[in-house]
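Please examine the sequence and the model below.

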Amino acid sequence: MDFDALSYPFPSKRTVVFAKNGMVAASQHLAAQSGLDILKVGGNAIDAAIAAAACLTVVEPTSNGIGGDAFAQVWIKGKLYGLNSSGPSPQSISLEAVRRQGFKEMPRYGFTPVTVPGVPAAWAELSARFGRLPLSEVLKPAISYAQAGYPVSPIVSKYWAIAFKNFSEFLKGKEFASWFTTFAPLGRAPYAGEIVQLLDHAATLQEIGDTKGESFYRGSLAEKIGEFSRSFGGYLQADDLAAYKAEWVQPIKVAYRGYEVWEIPPNGHGLVALMALNILNGLQLKGQNPIDAYHKQIEAIKIAFADGQKYIADPKNMTVKVSDLLSEGYGLERRKLIGDAAILPEAGRPDSGGTVYLATADKEGNMVSYIQSNYMGFGSGLVVPGTGISLHNRGKQFSLDPFHVNCLEAGKKPYHTIIPGFLTKDNKALGPFGVMGAFMQPQGHVQLLVNMIDYKLNPQAALDAPRWQWKEGKSIDLEPGFPMYMAEALLQKGHIVNLSLETGSFGRGQVIIRQENGTFAGGTEGRADSAIAAW
């Protein structure tokens with residue numbers, strides 16, 4: 001039957017999903033099902049998260065890969081843990097070296113923006129500390145899809161085609177040849193429903209599982225990555241990989257209308273979401289004119305980003321304390337800036353990103369909020385030959401301004417955009433939430449939480465609500481479905497309003513909320529190939 005898998009002329013509606021024994025919400029249905037399969041054979045929520053994450057590197061390579069970074073929040077046995085598995089810049093890189101290459105800002109493609117990947121370390125750390133099954137067992141679903149092949153889902157096919165077009169135009173060097181042989185062996189991007197096999201990817205996942213991630217950092221995979229970089233004059237070396245270890249961190253929080261909202265501390269910008277919520281804490285949203293409520297959220301985000309992009313960096317380089325930025329006094333001070341008209345904040349221009357977010361829960365009440373990314377789509381455009389490892393371009397986020405707190409230097413972690421969220425109330429877990437999408441992520445977190453907490457929307461309705469996105473200055477984008485009368489009213493308040501024809505840049509989220517009776521309520525993203533696998 002001939003049809004267009006990307007054409008949906010009529011609106012459809014998803015309903016909130018309930019489950020008793022376990023739930024996996026992910027941006028691709030095969031990945032969600034893989035996580036559930038692991039739950040059903042005795043794994044816990046941590047095992048399920050790793051399984052789904054590994055599967056996403058196979059079935060949604062347009063947004064993430066083995067060569068990316070990851071962050072997680074894990075609720076287990078009544079306590080919340082944070083994992084920062086983002087990597088630093090190579091020891092051989094320097095501001096001067098990059099400038100000698102002729103760059104005035106960090107490039108998007110090639111070896112220069114490649115930092116140490118943290119994804120395999122995240123899987124290994126999560127598995128070793130909290131997993132119930134061996135890592136090799138947990139990776140089996142992903143390996144199976146990579147070996148036997150899988151049908152490409154519609155939204156993935158769309159972004160695969162966009163990436164192929166861009167890479168064909170911009171990636172001309174021999175170092176990029178492996179991307180084309182790996183992800184476009186037919187000389188084009190795969191169509192929706194077409195079967196794709198990633199045999200090198202499968203072998204790499206098997207080796208990561210068998211060695212508990214060691215091969216990637218101190219074994220044969222590390223040697224291949226180092227040799228590939230060295231052969232093309234890249235900065236990343238095997239020694240950088242060998243020195244890397246994921247970091248367990250204490251999540252940070254703010255109280256918001258009786259709830260506790262948790263994020264991973266810098267170098268990520270979950271802090272921006274918390275600062276915005278801290279500002280909104282003193283402002284009424286529910287019961288107010290909805291236009292004023294949108295206006296206040298937009299202004300709070302702009303103010304929070306102005307601070308975030310000035311102060312957030314590798315923690316060892318930050319000049320202000322997180323606690324100071326999240327204090328009630330500072331929130332009050334920044335709140336005073338919000339009036340009836342749009343203001344002009346001091347902040348850089350956000351870029352678009354490629355990331356996957358997933359959430360898991362098991363019948364014991366363990367829950368995981370997990371996110372991993374290659375940053376911009378497929379990342380740097382580099383695939384380590386014979387491995388399927390697509391290297392990310394997270395270093396693109398470094399500044400080349402020597403006076404900026406996020407300035408490039410050796411061994412430094414860049415400002416990071418991927419943020420997994422978690423919600424609690426009275427020291428009891430409610431559940432994981434997240435919205436991927438580079439600089440959209442804090443904005444998505446705020447909108448999602450306002451929808452659920454202020455407006456009492458269920459997780460699915462909270463995700464379905466039309467979103468806005470601040471880009472720069474007074475400019476905001478409104479996605480399709482945003483009420484026109486509200487758009488016109490925001491224009492009257494001084495916002496520069498742009499009506500978007502697509503939803504891709506407005507983030508893709510997942511939510512799982514644990515009910516008082518122990519069941520789970522889940523919402524999944526209608527803007528992606530998302531699904532909830534429930535048990």
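Cys-407 counts as buried because its relative accessibility is 7%, where buried means under 20% relative accessible area, exposed over 50% and partly exposed in between, with a 1.4 Å probe and protein chains only. Cys-55, at 0% relative accessibility, is likewise buried. The structure holds zero disulfides, a disulfide being a pair of cysteine sulfur atoms within 2.5 Å.

This is a predicted model, in which local features need pLDDT of at least 70 and side-chain atom pairs count only at pLDDT 80 or more, while totals for chains, interfaces and linings use all residues. Residues are numbered from 1 along each chain as its sequence is written, and side-chain values use heavy atoms, leaving out hydrogens and water.

Strand β9 (residues 259–263) is largely enclosed by the rest of the structure, because five of its five residues are buried. Strands (E, at least two residues) and helices (H or I, at least four) are DSSP runs numbered from the N terminus. In a regular strand the side chains alternate between the two faces of the sheet. On one side of β9, Tyr-259, Val-261 and Glu-263 are buried, and on the other Glu-260 and Trp-262 are buried, so that both faces are covered.

Two strands pair if DSSP finds at least two bridges between them.

β8 and β9 form a hairpin with two residues between them. In the turn, Arg-257 has a positive phi of about 55°.
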